[in-house]
Amino acid sequence: MKKADEHIEPKKETPETKQEVVIHAKGIKKSFGKKQVLKNISFDLKKGENIVVLGKSGQGKSVTIQCVVGMLTPDAGKLEVFGEDVTALNDDELKQLRMKIGFLFQGGALYDSMTVRDNLEFPLTRVLKLKDQKEITKKVEGVLDAVGLLDAIDKMPSDLSGGMRKRVGLARTLIVNPEIMLYDEPTTGLDPITSREISELINRLQRKYEISSIIITHDMECARITADRILVMNEGEYIAEGSYKELEKSDNEMVRSFFNQPS
Ligand SMILES: Nc1ncnc2c1ncn2[C@@H]1O[C@H](COP(=O)(O)OP(=O)(O)OP(=O)(O)O)[C@@H](O)[C@H]1O
Ligand SMILES: [Mg+2]
C-alpha cells in the first residue's frame with residue numbers, strides 16, 4: 001500500500017489501439033413521465049478500460065448505468081453489451097448478462113444480519129448455485145484477500161468502518177468474476193485516505209482481472225487516480241470527453257469547474 005502522502009500521478013495516456021468494445025451506447029434516450037432525463041447518450045467502453053463519469057446531481061448518471069444492466073429500458077437508441085442488444089433480452093438472458101456485470105450501488109448495502117462470510121457466500125449459492133463448500137470458501141477467501149480484508153471474514157457489517165464496508169461490497173460484486181464493473185459513487189462518504197485506497201483498489205482490480213469499468217464519482221481524486229478517460233454529463237448528454245489532463249484545461253467553464261473544486 002502506498003503511503004498516504006505519496007503523490008500519485010494521473011494515468012498515462014495510452015495510444016489508441018483497436019480494443020474490443022464491451023459496451024456500445026448510441027443515442028440513448030430515457031424519460032420519466034414528462035421529464036427527459038437522458039437526451040442523447042453515446043459512448044463505447046473498451047475492454048480493460050476505466051471510464052469516469054462526472055456530472056452534477058440529478059443529471060442521469062445512475063439512470064445510464066441502470067439501463068446498461070437492464071434495470072431500466074431506454075426509450076430509444078442502441079445499447080449493446082458484449083455485442084448483445086440489452087433491450088431485446090428475455091429475463092433468463094438478462095440474468096446471464098448480469099452475472100458478467102458487477103454493480104456497486106450508490107450507498108451499496110450489505111446484509112446487516114449476516115457475517116461478512118455469509119454476505120459473500122450469498123451470490124455464490126443464490127446466483128451461481130454453487131454447492132461445493134470447499135470451492136465456496138476458497139472463493140470467499142480469495143476475494144477478501146484481493147480487497148485486503150481477509151481478517152474481517154467472521155465480522156458483522158456493523159463492526160466494520162465505512163471504508164471496510166465498501167470493500168466488502170466490492171468483494172461481493174467481484175466474487176462472481178464480472179467482466180464489467182459499474183461503480184456508482186464508490187468513495188462517497190469516505191475520508192480522503194480511505195477514498196484513495198478504494199480508488200487504488202479499483203485500479204488494481206482493473207489490472208489483475210482486466211475488468212472494464214464505469215466509475216461515477218464526484219470525487220476528483222478518485223477520477224484522477226482511476227480514469228483512463230472522463231465523460232462529463234450535463235442535462236442528459238455528455239458535453240466533454242478526454243483525459244484528466246485534457247479536461248482540466250478545457251475551454252468550457254462548466255467542465256473546468258469540476259477540476260477546480262476545493263478538496
Ligand atoms: N426510477 C425512476 N423513476 C422516476 N424518475 C427517476 C427514476 N430514476 C431516476 N429518476 C430521475 O432521473 C433523474 C436523474 O437521476 P439519476 O439518479 O440518474 O441522477 P444522478 O446523475 O445519478 O445524480 P446523483 O449524482 O445525485 O446520484 C432525477 O431527476 C431522478 O429523480
Ligand atoms: Mg446517482
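Student: At what angle do the axes of helix α3 and helix α4 cross?
Tutor: The axes of α3 (residues 116–127) and α4 (residues 133–146) cross at roughly 120° and come within 10 Å. Axes here are lines fitted to C-alpha atoms, for helices over the stretch in contact, with angles from 0 to 180 degrees between N-to-C directions. Helices (H or I, at least four residues) and strands (E, at least two) are DSSP runs, numbered from the N terminus. Please note that this is a predicted model, in which local features need pLDDT of at least 70 and side-chain atom pairs count only at pLDDT 80 or more, while totals for chains, interfaces and linings use all residues. Residues are numbered from 1 along each chain as its sequence is written, and chains are lettered from A and ligands numbered from 1 in the order in which they are written.
Student: What is the orientation of α3 and α4 to each other?
Tutor: α3 and α4 are therefore oblique to each other. Angles under 35 degrees count as roughly parallel, over 145 as roughly antiparallel, 65 to 115 as roughly perpendicular and the rest as oblique.
Student: Which residues make the contact?
Tutor: From α3 come Arg117, Leu120, Glu121, Leu124 and Thr125, and from α4 come Ile136, Lys139, Val140, Val143 and Leu144. Residues are in contact if their C-beta atoms, placed from the backbone, lie within 7 Å.
Student: And how do α5 and α6 cross?
Tutor: The axes of α5 (residues 162–174) and α6 (residues 192–209) come within 10 Å and cross at roughly 15°. That angle makes α5 roughly parallel to α6.
Student: Which residues of α5 and α6 meet?
Tutor: Gly163, Lys166, Arg167, Leu170 and Leu174 of α5 meet Thr194, Glu197, Ile198, Leu201 and Leu205 of α6.
Student: Let us turn to the strands. Why is β9 largely enclosed?
Tutor: Strand β9 (residues 229–234) is largely enclosed by the rest of the structure because five of its six residues are buried. A residue is buried if 20 or more other C-beta atoms lie within 10 Å of its own, exposed if 12 or fewer, and partly exposed in between, with C-beta atoms placed from the backbone.
Student: In what sense does β9 pair with β3?
Tutor: β9 and β3 (residues 50–55) pair in the parallel sense over five bridges. Strands pair if DSSP finds at least two bridges between them. Met233 in β9 is the bridge partner of Gly55.
Student: And with β10?
Tutor: β9 and β10 (residues 237–242) pair in the antiparallel sense over five bridges. Leu231 stands opposite Glu241 in β10.
Student: What lies between β9 and β10?
Tutor: Their hairpin has two residues between the strands, and Glu235 takes a positive phi near 50° there.

Conventions. Two residues are in contact if their C-beta atoms, placed from the backbone, lie within 7 Å.
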